[in-house]
Amino acid sequence: VQLQASGGGLVQAGGSLRVSCAVSGNIFSIGVMAWYRQAPGKQREFVATITFGGSTSYAAAVKGRFTVSRDNAQKTAYLQMNTLKPEDTAVYYCNAAIKDGGRSYVSYWGQGTLVTVSS
């Protein structure tokens, strides 16, 4: 099982960016998918999560600016980031609970994609 994050880059403050997370491999089902981020010198923090049915939750710092979505058929999650601020600069990681044929869901992490917001 692999999670491939993409779409990061450099954007000016106030701009928008969309990052994606594609899941591949021997997958029976995908449960909750989530985005986390880690800024330089800081701990990884929760950003947003989305269930298979589309229920979402967000960290207070991004609520109203970020939107998480997913395409279950494409096994892909997205994070649309609007009104970006310099403090949003971080490596963004995707996480997914995946059942690969076993009885339980296992947590997998992607490799991260860097988002840099310039002031």
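Me: Leaving aside neighbours within four places in sequence, which residues is Arg65 in contact with?

Reply: Arg65 is in contact with Gln80, Met81, Asn82, Thr83, Leu84, Lys85 and Asp88, once neighbours within four places in sequence are set aside. Contact here means heavy atoms within 4.5 Å. Before we go on: this is a predicted model, where local features need pLDDT of at least 70 and side-chain atom pairs count only at pLDDT 80 or more, while totals for chains, interfaces and linings use all residues. Residues are numbered from 1 along each chain as its sequence is written, and side-chain values use heavy atoms, with hydrogens and water left out.

Me: Where is Arg65 found, and is it buried or exposed?

Reply: Buried means under 20% relative accessible area, exposed over 50%, and partly exposed in between (1.4 Å probe, protein chains only). Arg65 comes out at 11%, so it counts as buried. You'll find Arg65 in the loop between strand 6 (56-58) and strand 7. Across the protein chain, 41% of the 119 residues count as buried.

Me: How many helices and strands does the protein chain have?

Reply: Both are DSSP runs numbered from the N terminus: helices are H or I with at least four residues, strands are E with at least two. Here we get zero helices and eleven strands.

Me: Which residues have the most contacts inside the largest nonpolar core?

Reply: A nonpolar core is a set of buried Ala, Val, Leu, Ile, Met, Phe, Trp, Tyr and Cys residues joined through side-chain atoms within 4.5 Å. The largest one has 30 residues, and Met33, Trp35, Val47, Phe66, Leu79, Met81 and Tyr92 have the most contacts inside it. Strand 9 gives the most to this core, with five residues. Take Val47: beyond four places in sequence, its partners include Trp35, Phe66, Leu79 and Tyr92.

Me: Which residues do ring pairs link into a cluster?

Reply: Rings of Phe, Tyr and Trp (its six-membered ring) pair if their centres lie within 6.5 Å; planes under 30 degrees apart are stacked, over 60 edge-to-face, and the rest tilted. There are two such pairs in the structure. One of them, Tyr36 with Phe46, is edge-to-face, at 5.8 Å centre to centre and 75° between the planes. Tyr36 sits in strand 4 and Phe46 in strand 5, so this pair ties together parts ten residues apart in sequence. The cluster is made of Tyr36, Phe46 and Trp109.

Me: Which ring faces does Arg44 lie over?

Reply: A charge sits over a ring if NZ of Lys or CZ of Arg is within 6 Å of the ring centre and within 35 degrees of the ring normal. Arg44 lies over the face of Tyr93, at 3.7 Å from the ring centre. Arg44 also lies over the face of Trp109, at 4.7 Å from that ring's centre.
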